[in-house]
Each structure stands twice: as structure tokens, then as C-alpha cells.
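Take a look at the structure shown below. The report then walks through it one topic at a time.

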Amino acid sequence: MLPIVLLSVFGIALLFLGFMKSKAILLPATLLFLLITLAVNFLDWNKTYLYFNDMLRVNNLAMVFIAIVLVSAFLVVALSGSFIENDEAQPAEYYGIILFSLVGAVMMIAFENLIMLFVGVEILSVAMYVLTGSDKRNLRSNEAALKYFLMGAFTTGIMLFGMALLYGSTGSFTLAGIGGYAANQQGLSLLLYVGLLMLLIGLLFKVSAAPFHFWTPDVYDGAPTIFTAFMSTVVKTAGFAALFRLLSVSFVGVYNFWWTILAVITAITLIIGNLTAVYQNSFKRMMAYSSISHAGYLLIGLAALGAQTKQAIVFYSLAYSIATISAFGVLLLVAQQKGTQTISKEGVSTESFDTFNGLARQNPLLGFAMTVSMLSLAGIPLTAGFWGKFYMFSTAVERGQIWLLVVAVLMSAVGIYYYFRVIIAMYFRDGATEPIRVAPFYKYVLVAATILTLGLGVAPGLLQGLF
Amino acid sequence: MLTLFLILFPAVAATLIFFLGGERAKQAALLAALAELACAGYAFFSFKPDASSQFAFDYPWIGSLGIRLSAGIDGISVLLVLLTGLLVPFIVLSTFNRTYKQPATFYALMLFMQAALMGVFTARDGFLFYLFFEAALIPIYFLAAMWGGDNRIPVTFKFFVYTIFGSLFMLIALVYLYYQTPPTAIAAHSSAIADFYKLNLTPQAENWIFWAFFIAFAIKMPVFPFHTWQPDTYVESPTPATMLLAGIMLKMGVYGLIRFILPIVPLGVETWGKTAIILSVIGIIYGAIIAIRQRDMKRLIAYSSFSHVGLMAAGVFSQTETGMQGALIQMLAHGINVVGMFFVADVIFSRTNTRQLDQLGGITQSTPKLTVYFMIMLLGSVALPLTNGFVGEFLLLHGVYTFNHYLGLAAGFTIIFGAVYMLRMFQKSMFGPTTSRTESFTDLTTSESWVFIPLVVMVFWIGIYPHTFLKVTEPAVANLMKYIGTTAVSMK
């Protein structure tokens, strides 16, 4: 399990690099570390290993999810150049925490023992609490961190309780052990069901599914944009990887029990996420609700657990992550130019839709990158997001859950409404925007994200080798 | 392989124009569109009149799922390929006297649109069809919303959301059909449209699939009561975008009816076909009555188009060979006529700065050329014998009449009403005393004439010798009839 080791070592190394006078080395060093980890991750390809006394199980799917998380982290870090120029910021600590949080994400993805799941969730969450509050002088950042921490700690407690109940009913913490018990299907202890529900609540909170989503808008809005991008992609991917592993390995036997519950949660999540997003004036809050709605789409695949689900979740989380990072990247640049720093002293948000007015005229590249990512999030064909939705819908059709599909389709149409508000603002409204200076490296990231989104949109078969 | 070229060439040309176009974008776009027309014309004339799919290509796309990049031209698509190839160069040419800001983007979007339309009309894979069906929306949305009138943003937005909403239901239906297909040699399922035809679905499934498809296509055409996006969008869009919308894009809906609904869900058509025809006939009469009351030329033509397309839908749902043949040739004819009519409105607007009929008049006195072309286009629209409109409408009405005499009679009002609103428009704008706005009206320039000339040629060609066009569609239509329910009535 080299990624865990490497990420920990690299994280510590980064903290020491922070003592150096020049901060300039931190960003390339972090990117290099992430690339090394990404390469090392694939060493076990096509093999399945159990690590650390059967605590972690690494298989191809886990490696793919780890790769998605690492790529997301890479893109986010690559967009974080403004830390270097900001005196208030502590880049060494930020990057260190990001690497540590990835350790948690890897554990969530590859857990075989519920204890590892818990440890992973905690490592990732605590890192997120800190990053959310990293804008120390900003009241809203502090509020967000406190809110996130209190609610997060509470649900972690519920989750732990659930694990205890599962242990009580099955006598095992391992996925295989629990799965073996649940496969009996008859005479199952009531504690198993209660434990499963509590565990699900904990994980659904992390992926911000309704009705456990209330923290999402405030936290996303209050956190520095760059960390919002990190949170909304890495945490979500890791959370869904964990949910998928949990449900597909251990609880297939009791599918009939949990699928209706999950389906109802899916429908609520889709409806709340999409309908509330329509009424937002702040782009960041809109993205928060949009992330809730995407949790809903991802849940479709789980509620309809089947042969297609694996592929659907991988594709969807990748498409969603790339598009989200690209959108937040453009927002970062625009907000900076408008005067609010990511780590601002005033803490006044100018991140409303109006910020984008007339953007595309002076900055065609930014406009195009944003348009592609919005189209992808809205699920318009020729973008990766379309195929993500396509795979998700396929899983539901395969299971015959047509009513859920109808909800999802109606909500997709609603989604188009708010994603297009950005496109309309950029292309059709007038605004006094001057050309924004985009650092070359930043440009490469946006171009790469755009090409990836379009490339997967035209040739979704490219990812097939991964399954 | 020719099909692949027909789809890719405009897309590549569009990309080049977008990045390199600059001020010469207009000429480059015209050149590209003419080259595309040459290819489409070649495809049409070398098309062997049988039921097979020709010039086809077929590659794996998502191999493990059995989804393929597969397209070809058959008797159903050949006229629409010709139409798409034929109209775009003249739509480009019609803009030669206007200046649009950011010309490179403008013309690139038009060519992208053409590529997507070619894809829609030739796709042989259900998901490929869906992809192009949606992809065609993006360029037209930007064309309309960037270069449109004052009220363009909300209007085009409504159009976009409305149409996407409809097609999402189609996506569900396609995915459902896909899962019903039996395993093939390569994959567990297949998304080839031909495989959809062979399915034996339960009546219940056929019923909801019928509606899933029908709503998608009915919004696109549009059929009453899904038409509310249409008049505003047509009026607010810049004229070239309106021409693309009315001339080609609405045919996507009619094409979809023929390609998907009739052969895939014959039982659904049997149950709901009459409802669909009644809706279409309501649209015919309703659209015509509103058209009679219009003062704005563009809005009048928009409603006339709504009325005409209703007849095409009714003809298709009559499930007769004549109705289907009529719909196919009428799609070609209507595309030509409506582009001509919108161009007339555009020419008048460019000289008088108004489209209001009560501010126009007396234009005939200084414009012999415009008068003649306008008259010919108009006669085509009102389906005078020996013009293109007559052939299609006659076949369509025959089809509807065979299906149900009363509905046929009601649909027949289209000819009377059509004559009323069209001649009223001609009279109010061209005859009578000149107004302050029309005093110094100048006749057509050379480039404007060259838009009309090929259209006029086509009006008469289709009107006098429709056999050229009917013969290529006939075997494919006959083949399609095999999949249609027992109620089908044959022409012979």
C-alpha cells in the first residue's frame, strides 16, 4: 500500500520544506509528489492484495478511484498558485494537510475493515475542517469550519455507533465477515439493519445527500474557493467509493431492505439540490447545491446496484470532478480580478452570477472552459457529463426503477436552467470586464480539463481499459 | 464512407473557420458549404433506389456495450441529407449583405450545426442519433442568443430548456429499448436502430415509449400544444438562424417520427396515433388562424410553418405509404419554401427596418425581381399545382383522408387558410400605395438573387417532376411499412 506511505512521508516533507525562505518550491514539489504517488498507485494493477493484517484490500477498482482522487487533487493544487503571492497564507501547511487528507481518502476507498473506514473518514474530515477554516480572519470561513466540525463530529458518532451495532450482530468488522452473515438472508438480527442505516447516514452526510445536506451550502460558501473545489471533488469521490464498496460487498444480501430507502433519499436529494440551486444568486452557493444534486445522480447507481454500477460511478465521479474543478478554477481567477482574494481580508463575496457578465468577450479561453464544464455538469451530449448521466440512467433502467428515472430526468431539465445562467452571463450580458491575466500553468490546467471533458464526451470508450 | 465525410467535413471546416476565419469567414464558409452541397448532391444522384443503407460506415464506439459509430444514407434520410446540403450554402449566401459581429464564430456555428444535422439524419445507432439530436441544439442556441433581437435571452433560453426537456424522455426510451435487445456476438445488447425494429415489446411498454418519443419530437417540430416556444424563438433569432430552425431543424422531429415511432412502437401508434393526428390537425387549423391575424412578417411565417408541420405529422401518423411519402417530399419542399419566405422578410427588413405589414406597401413598383421570386415562393407555400408544395400536400392529405375522412377534411383547410394568410401578406407588403418606409426600396442585389434562383429552380423541379425525389424514397417507405401495424392501408 505504497500510496498511503508515500503520501504521509511527502506530507511531512512538505511541512519541512515550508521552513525554506522561498515559497516558490512548494507548489511544484506538491505536484511532483502527487504524480509520483499516482504512478506508484498502479504498481499493483490486475492484482488483489490485502494489506496491514487484512485492513485494506486493493483491487483494480480501488486503484481507479485512488487515481481519480489523486488527479482531482493534482488539478486543484495546480490551480492554487495564488497562495504564493499571499502573505497571510501558509502554503506549506495547506499542501501538507491536502496530502494527509488524501491518506484518509485512500483508506476510505480501499478499506476492508470497518475500522479503517472510520479512520479514513476521520482523517479526511479533520483535514477538511481545518482547510475550511484556513481563512483565519474571515468570519464566514470560521463559521463554516465550526458548523462543519460540529455536524461532522455528530454524524461520525452516529456512524461509529452503527459500526458497533454491525459488530454486535455479525461478530465481524470485515466486509467479508459482514457480507457472509448478511448473505444468509433469513433470521438476520434487527441490529444489522439499524447498524447499516446508521452507517449509511454517516457516509451520506459526507457526500452531502439530502436530508443530511444542510452543512453543504454554508461550508462551500465560507471555505476558500480552492478548498471548496477540493472538498466537492475528493470527498465526494472517496465517499461514493466507500459507499459502493460497502453496499456491493457486504450488503448485497439485504438489497431489498436498503434499496427503497436509498431510492427515496436519491429522489429527495435530486429534488432539493436542483430546485434550491435555481434560487441562488451566488455562484459558489449554486455550485454547492449542484454538488448536492450530483450526489443524487451518483446515488441512482447505488440504489440500482448492478453490473453497470461500478462503471457508472467511476465515470460519473471523474466527469463531475473535472468539470467542477475547472469551474472553480475560472471562478478563482474572476473573483481575484474583481478584488476579492481567495484568502481575503474583507471577506466580502463578489462571487455572484453577475461577476461573470461579459466574461467571454475579453477572455475567450476562460469563457470556453467554463462553458464546457457547465455543459458537462448539465449533462449535455459531447461532454463527459452526458455519458456519466447515461450510465447512471442505464443502471436504473436495468433495475426497472422508472419512477426514479423520471424524477432524475425532470431534475436534469431544472439543472440546465441554473447552469445556463452562467453561460448566459458570460456570453450575452454586458459587463465591464478587462482581459484577465492567466498564468501559463493555470492555462494548461484549464485546457487539460476542457480537453478531457470533451474527449471523454466524444469517446467514452477510452476509459474501458479501467474496468 | 461518404456519410462520414458529410458529417466530419463541416465540423472540420467550422473549427478552421473559428480559429483562422477572421474577416474572410463569410467566403470560407460559403466555399465549405458549397463543397458539402456537391457531396450531398453526389450522394443523392448516385443513390440506388432500394431499401438499403448506402455510403455507410460502422466503427465500434463503446465496444463492450455494443454501442457503435454507425451511419449511412437510406431512402428515409436521403432527401433530408440533400435538404441540409442544399440550404446551408444559400443561408450563408443570404448573409452576404449583412454584417454580423464576430463573423468567424457566427459562420463556424452554422457549419457545426450542419454537421450535427447531417449526423441526425444519417445515424444508424440510437445513441448516436441522440447525441447529434442534442448536439444540434448548442450551435443554434448560441446563434440565436448571441445575434438575436432585444428579447433574445429569455426566449432562446425557453427554447433550449423546452427542447432538452423533451429529448431527455427520449433518452430514457432509448436506454430501455437498448436493454430489451438480445445479445449480439460482441456485447450483451445492441443500440442499432435496426435491432430496435425487431423487438417485440409489451403493449404497455409500447404505450409509454410512444409518448416518450412523441413528446421529444412533438416539441421539436412543434405540434400543438408543445409549440409555445416556437414563434418567439423564430422572431427573436437572427434570420439565418431562423432559416436553419424552420428549414432543417424542425424536420428532425418529423424524421424522428418516421424513423423511430412508427416502426418501433406500432402498437403504441395504433393506440395513440389518432390522438396524435387530432393534435396535429388542431395545430394545422390553430396555426393558420393565428397566422391570418399576424402583422409581423416573420411571426406570420413562423405560424405558417407551425401549421404546415402539423400536416406532415398527421400524414406520418396516418400510417399510409402515401402519407409517409408525402411527409418526406414535403419536408424537402417546406424547407425550400420557408427559407425563401424568411429571406423575403429579411430583404424587406434590411431596406425598410420594419417587418410590420401595416407599415409596408407598394414595393412591387420598384422591384420586379423581388416580386417575381416572392410570388413563386409564395405559390409554392400555398401548394399551387406545378409547385413543390402541391405534391407533398396532396400526398399528405390523401394519407390523412384514407385514415379518417373527417380528419382529412379538417386538414384540408390548410390549403384554404394558407392561401388566405400568404396572399394577405403579399398584398399588404407588395401592393397598395408606398409608405414612407418603402419609398426608396431598391431591388435585389446579385448575391441576393443568387439565393433565390436555386430555390426557385427547386420549387419547379419538385412541382413538375417529383419522380426524381419520390423514386428514391419509395422502396425505403415500402420496407418501413412492413413494421407497421395491421391497420396500415396501402396505396395500391
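This is a predicted model: local features need pLDDT of at least 70, side-chain atom pairs count only at pLDDT 80 or more; totals for chains, interfaces and linings use all residues.

## Confidence

pLDDT is the predictor's confidence in each residue, on a scale from 0 to 100. Chain B has a mean pLDDT of 87. In that chain, 98% of the residues reach 70 or more.

Over residues 486–492 of chain B, pLDDT stays under 50. The model has eleven contacts beyond four places in sequence for this stretch. For the complex, the predictor gives an ipTM of 0.83. The pTM is 0.88.

## Where the chains meet

Chain A puts 20 residues in contact with 24 residues of chain B. Which helices of chain A each supply at least two residues of the side that touches chain B? They are helix H17 (384–399) and helix H18 (402–428). H18(A) gives the most to that side, with ten residues.

What kinds of residue make up the side of chain A that touches chain B? That side divides into 15 nonpolar, four polar and one charged.

## A helix pair in chain B

Helix H9 of chain B covers residues 203–220, and helix H11 of chain B covers residues 239–264. They pack at an angle of about 160°, and their axes are 7 Å apart. Angles over 145 degrees count as roughly antiparallel. H9(B) and H11(B) are therefore roughly antiparallel to each other. The crossing of H9(B) past H11(B) is left-handed.

Now for the residues. H9(B) brings Phe210(B), Phe213(B), Phe214(B), Phe217(B), Ala218(B) and Lys220(B) to the contact. On the H11(B) side, they meet residues including Leu250(B), Met252(B), Leu257(B), Phe260(B) and Ile261(B). Gly253(B) and Gly256(B) in H11(B) also take part. By class, the residues of this contact of H9(B) with H11(B) are ten nonpolar, two polar and one charged.

## A helix pair in chain A

Helix H2 of chain A (residues 26–41) packs with helix H5 of chain A (residues 91–110). The angle is about 10°, and the axes are 10 Å apart. That makes H2(A) roughly parallel to H5(A), because angles under 35 degrees count as roughly parallel.

Leu26(A), Thr30(A) and Phe33(A) in H2(A) meet Pro91(A), Ala92(A), Tyr95(A) and Leu99(A) in H5(A). The contact of H2(A) with H5(A) has six nonpolar residues, one polar residue and no charged residues.

## Checking a helix span

Helix H7 of chain A runs over residues 139–170, which is 32 residues. How far should H7(A) span at 1.5 Å a residue? The expected span is 1.5 Å times one less than the number of residues, so H7(A) should span 46 Å. Its end C-alpha atoms are 46 Å apart, which agrees.

Just after H7(A) comes Gly171(A), with a positive phi of about 75°.

## Backbone details in loops

Two cis peptide bonds deserve a look. In chain A, one joins Ala210(A) and Pro211(A), with omega about 0°. Pro211(A) lies in the loop between helix H9 (190–206) and helix H10 (215–222) of chain A. In chain B, a cis peptide bond joins Phe224(B) and Pro225(B), and omega is again about 0°. Pro225(B) lies in the loop between H9 and helix H10 (230–236) of chain B.

Asp54(A) has a phi near 65°, a positive value in a residue other than glycine. Where is Asp54(A)? The loop between strand E1 (49–51) and strand E2 (56–58) of chain A holds this residue.

How values were computed
Residues are numbered from 1 along each chain as its sequence is written. Chains are lettered from A and ligands numbered from 1 in the order in which they are written. Axes are lines fitted to C-alpha atoms, for helices over the stretch in contact, and angles run from 0 to 180 degrees between N-to-C directions. Helices (H or I, at least four residues) and strands (E, at least two) are DSSP runs, numbered from the N terminus. Angles under 35 degrees count as roughly parallel, over 145 as roughly antiparallel, 65 to 115 as roughly perpendicular and the rest as oblique. A crossing is left-handed if the near helix is turned anticlockwise from the far one by less than a right angle, and right-handed if clockwise. Two residues are in contact if their C-beta atoms, placed from the backbone, lie within 7 Å. Ala, Val, Leu, Ile, Met, Phe, Trp, Tyr, Cys and Pro count as nonpolar, Asp, Glu, Lys and Arg as charged, and the others, Gly among them, as polar.
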